[in-house]
Amino acid sequence: MKKTNLISLANITKDYNLGGLIVNVLKGITLKIENGEFVAISGRSGSGKSTLMNIIGLLDTPTTGSYYLESVDVSSLKEDELSYLRNKKIGFVFQSFNLLPRATILENVILPGIYAGLNTKDRENTAKNILEKIGLFKHINKRPNQLSGGEQQRVAIARALMNNPDIILADEPTGNLDTKSGQEVITLLKDLHKQGKTIVLITHEKDIARETDRIINLTDGRIDLD
Ligand SMILES: Nc1ncnc2c1ncn2[C@@H]1O[C@H](COP(=O)(O)OP(=O)(O)O)[C@@H](O)[C@H]1O
Ligand SMILES: [Mg+2]
């Protein structure tokens, strides 16, 4: 795979206004992530990891600084262009899985395909294929609460893959899991990396961060190690 800059952030800051008090959460983040990288963003709780991930994932906008996703200056995009890009390019995985409790495993995985406008047959086939590869096909008609935490997180990863994104952003994906299930999730992310996905893994756990090829550490809103 040809290496190109996929994510380029320059001097990104993020301030929150808490009832008149301005809090500087990100204090000038400059980093590049190439396509095909497997990167951890580590740091203590409160260091700004999720804020940074939300900006990278186009879920939030920086206060100042520039963000290019491939060659696109995302600050120039309108809301509908941002959601289109987000839906097409990025798959999200969260600590708490965020599966729909009343929907089946298959329906949960299909969901992003509905937003992307795939037809019924295509999205069902795609979802089944992904679930098959991840070893969850036998659970397709179950509800999330009938699966273990590790399995639910793998379903969430299957859902993140539905629109074949280039980038997987995972925010503390092992945070609610025991060590063994957490390791299974990491193994799955490593497999996806081998298949060419760019993976950004956010974690405050040093052991988990060390499983990746590159660690970017945040302390108090700044990168102090890369
Ligand atoms: N929407 C918000 N409004 C105000 N403060 C926020 C908001 N989101 C995060 N923060 C603050 O920003 C800091 C960094 O938060 P976060 O990015 O969630 O850190 P991490 O993911 O590393 O634990 C924390 O002090 C948090 O309280
Ligand atoms: Mg966080």
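Figure 1. Strand S9 (residues 214–219) and S10 pair in the antiparallel sense, joined by 3 bridges, where two strands are said to pair if DSSP finds at least two bridges between them. The names of these elements follow DSSP: helices are runs of H or I of at least four residues, strands are runs of E of at least two, and both are numbered from the N terminus. Within this pair, leucine 218 stands opposite isoleucine 223 in S10. The hairpin has 2 residues between the strands, and in it aspartate 220 takes a positive phi near 50 degrees. This view, like those that follow, shows a predicted model, in which local features need pLDDT of at least 70 and side-chain atom pairs count only at pLDDT 80 or more, while totals for chains, interfaces and linings use all residues. Residues are numbered from 1 along each chain as its sequence is written, and chains are lettered from A and ligands numbered from 1 in the order in which they are written.

**Figure 2. The mixed sheet of 6 strands.** In this open sheet the 6 strands follow the order S6-S7-S8-S3-S9-S10, and their pairing is mixed. Its edge strands, each of which pairs on one side only, are strand S6 (90–94) and strand S10 (222–225). From one strand to the next, the twist averages 25 degrees. S6 is joined to strand S7 (residues 167–171) by 5 bridges, and these two strands run parallel; phenylalanine 94 has aspartate 171 in S7 as its bridge partner. Helix H6 (residues 179–194) lies across strand S3 (38–42), S7 and strand S8 (198–203), and runs at about 155 degrees to S8. Such angles run from 0 to 180 degrees between N-to-C directions, and the axes are lines fitted to C-alpha atoms, for helices over the stretch in contact.

**Figure 3. The antiparallel sheet of 4 strands.** A further open sheet has 4 strands in the order S2-S1-S4-S5, with antiparallel pairing. Strand S2 (21–34) and strand S5 (72–73) are the edge strands here, each pairing on one side only. Strand S4 (residues 64–69) is paired with S5 in the antiparallel sense over 2 bridges, and leucine 69 stands opposite valine 72 in S5.

**Figure 4. The packing of H3 against H4.** The axes of helix H3 (residues 105–115) and helix H4 (residues 120–133) come within 9 Å and cross at roughly 125 degrees. H3 and H4 are therefore oblique to each other, given that angles under 35 degrees count as roughly parallel, over 145 as roughly antiparallel, 65 to 115 as roughly perpendicular and the rest as oblique. The contact involves Ile105, Leu106, Val109, Ile110, Gly113 and Ile114 of H3 together with Arg123, Glu124, Thr126, Ala127, Ile130 and Leu131 of H4, two residues being in contact if their C-beta atoms, placed from the backbone, lie within 7 Å. By class, the contact of H3 with H4 has 8 nonpolar, 2 polar and 2 charged residues; Ala, Val, Leu, Ile, Met, Phe, Trp, Tyr, Cys and Pro count as nonpolar, Asp, Glu, Lys and Arg as charged, and the others, Gly among them, as polar.

Figure 5. Helix H5 (residues 149–161) packs with H6 at an angle of about 20 degrees, their axes being 9 Å apart, which makes H5 roughly parallel to H6. The crossing of H5 and H6 is right-handed. In this contact Gly149, Gly150, Gln153, Arg154 and Ile157 in H5 meet Ser181, Glu184, Val185 and Leu188 in H6, a set that divides into 3 nonpolar, 4 polar and 2 charged residues. The axes of H3 and H5 come within 7 Å and cross at roughly 30 degrees, and this crossing is right-handed. The residues that make the contact are Ile105, Asn108, Val109, Leu111 and Pro112 of H3 and Val155, Ala158 and Arg159 of H5, of which 6 are nonpolar, 1 is polar and 1 is charged.

Key:
A crossing is left-handed if the near helix is turned anticlockwise from the far one by less than a right angle, and right-handed if clockwise.
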